[in-house]
Amino acid sequence: MALVNEHFLKLSNNYLFADIAKKVNAFKVSHPQVRVISLGIGDVTQPLCPAVIEAMHKAVDEMARKATFRGYGPERGYDFLREAIVKNDYAPRGIHLDPNEIFVNDGAKSDTGNIGEIVRWDNSIGVTDPIYPVYIDSNVMCGRAGVLENGRWSNVNYMPCTAENHFIPQIPDHRVDMIYLCYPNNPTGTVLPKEELKKWVKYAIDNDTLILYDAAYEAYIQEDDIPHSIYEIKGAKKCAIEFRSYSKTAGFTGVRCGYTVIPKDVTAVTLDGKERINLNHLWDRRQSTKFNGTSYISQRAAAAIYTPEGKKQVKETINYYMGNANIMHEALTAMGFEVFGGKNAPYLWVKTPDGTDSWKFFEQMLYAVGVVCTPGVGFGPSGEGYIRLTAFGNREDCKEAMRRIKEWLKKA
Ligand code: PLP
């Protein structure tokens, strides 16, 4: 008789975006005449840039010829991509990494979800709240999160990020073994200035804490003093793992490619406290057994964004989305909403009027104007009273959504 992993049974049956889709479908059935505009789910809408397409076509042609055909690739990723990452994403910021510290993957979700496998199940964890749900759910699956009590997991340290603390999480006053930080942040769209990130690295070094730093949206940073990588902070190479993704940087949500950085000095200790284990080796061991690798075609596609044309084209798309963010930020602010984020990230975090709860406001907006948002509480308890809007839509849809919301408020 096979016994089930009962930790899975603690997870809520519904995924946030499935709940939203269900409600939106119900609305569409009863309102077939309304063209629904989705500013909800965080998927991109613009096509891959020409440099990427060209590289993919070329890679397919290579696969078609015996002399250039590729089978299983190197487990950590092809050298051409890992070298391009080191040279383009890190060296210009004064960060020196070895290509062997880079693990190419199929996107950041897999690695942010799986990284917990190489550390003990009973480590304590800390998350900023609200947060990208994968960090919590993956810890629930292995029992690390504990049990759900009043909407909070018993073994998770929640660090609220709200308008009251300007979305700057407070450093815990006790030791936490592993801390997830995500900057620029999904869902709030807010960022952490260098001085604040320094405090986290100091905390991690002082407390022997492992930081799991998700920089999936770093390409959207516009301001100078905002770190793109945690390794811009001295000491971080000893205590932090960084996750990056081409999904939002270059529209790879359908192609699938990203990477994880595990510097050679990042370690975790054995239970008896006698030995420090190199996590780069451990992750390599894990990946070579369980990870199928990223296709050659996807890795060639990713490498193309580091060419001069690729860089320019990717930037144009990011500017397009950030243009949407600006339009939405200005429009909503002018309507009297309190709006956060959207300056260095493609997400706007909007306070609901008069403290309306976030699911209620989601429904009000859907039924009044056919615009879909994401209720903030879906990202954690501190998301209550907020909604998330994404800037990944088409320009015309963003403008139309703002026009409809303005009309609605005028009538209300
Ligand atoms: N990390 C954050 C914070 C995200 O918002 C997302 C996607 O929405 C991911 C990671 C996963 O990205 P992917 O698996 O597409 O690389």
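Which residues touch the most other members of the largest nonpolar core? I began my notebook with that one, keeping in mind that this is a predicted model.

**Entry 1: the cores**

I looked up the largest nonpolar core and found that it has 97 residues, with Tyr246, Met365 and Leu389 touching the most other members. Helix H11 (residues 308-334) gives this core its largest share, 7 residues. I then asked where the core sits, and the answer is between domain 1 (12-47 + 309-411) and domain 2 (52-307), because both give residues to it. I also noted a second, separate core of 26 residues, with Ala145, Val156, Leu212 and Trp283 among them.

Next I picked tyrosine 246 and listed its contacts, leaving out residues up to four places away in sequence. Its partners include Leu81, Ile85, Phe252, Cys257, Ala302 and Tyr306.

**Entry 2: phenylalanine 27**

Is phenylalanine 27 buried or exposed? I found 0% relative accessibility, so phenylalanine 27 counts as buried. This residue belongs to helix H1 (residues 16-30). Beyond its neighbours within four places in sequence, phenylalanine 27 is in contact with Val34, Val36, Leu366, Tyr367 and Gly370. For another view I checked valine 176, which is 149 residues from phenylalanine 27 in sequence and 44 Å from it in space, C-alpha to C-alpha.

**Entry 3: salt bridges**

How many salt bridges are there? The count comes to 22, and I followed a few of them.

I started with arginine 35 and aspartate 397, whose closest N and O atoms are 3.2 Å apart. This pair links distant parts of the chain, since its partners are 362 residues apart. Arginine 35 is in the loop between H1 and strand E1 (37-38), while aspartate 397 is in helix H13 (residues 395-411). Arginine 35 is partly exposed because its relative accessibility is 46%, whereas aspartate 397, at 19%, is buried.

Then I turned to helix H6 (residues 194-207), where glutamate 195 and lysine 198 lie 3 residues apart, about one turn of the helix. Their side chains form a salt bridge at 3.1 Å, N to O. Glutamate 195 is partly exposed at 49%, and lysine 198 is partly exposed at 39%.

Helix H6 also holds aspartate 206 and lysine 202, which are 4 residues apart. Their salt bridge has its closest N and O atoms 2.6 Å apart, and both residues are exposed. I also wrote down a network in which salt bridges with shared partners join Asp89, Glu218, Glu242 and Arg244.

How far apart are the C-alpha centres of domain 1 and domain 2? I read off 26 Å. The contact takes 29 residues from domain 1 and 38 residues from domain 2. About 2,700 Å² is buried between the two domains, and carbon and sulfur atoms give 58% of that. On the domain 1 side, Asn344, Phe379 and Ser382 lose the most area, together 24% of what that side buries.

I looked for charged pairs here too and found 1 salt bridge across the interface. Elsewhere in my list, lysine 351 and glutamate 164 meet in a salt bridge of 3.6 Å, N to O. Polar contacts between domain 1 and domain 2 come to 14 residue pairs.

Which element gives the most to the side of domain 1 that touches domain 2? I found that H11 does, with 7 residues.

Conventions: Residues are numbered from 1 along each chain as its sequence is written. This is a predicted model: local features need pLDDT of at least 70, side-chain atom pairs count only at pLDDT 80 or more; totals for chains, interfaces and linings use all residues. Side-chain values use heavy atoms; hydrogens and water are left out. Helices (H or I, at least four residues) and strands (E, at least two) are DSSP runs, numbered from the N terminus. Buried means under 20% relative accessible area, exposed over 50%, partly exposed in between (1.4 Å probe, protein chains only). Contact means heavy atoms within 4.5 Å. A nonpolar core is a set of buried Ala, Val, Leu, Ile, Met, Phe, Trp, Tyr and Cys residues joined through side-chain atoms within 4.5 Å. Domain bounds come from an automatic or database domain assignment. A salt bridge is a side-chain nitrogen of Lys or Arg within 4 Å of a carboxyl oxygen of Asp or Glu. Buried area is the accessible area (1.4 Å probe) that two parts lose on being put together, summed over both. A polar contact is a pair of N or O atoms within 3.5 Å; within protein, one must be able to donate a hydrogen and the other to accept it, and residues adjacent in sequence count only if both atoms are side-chain atoms.
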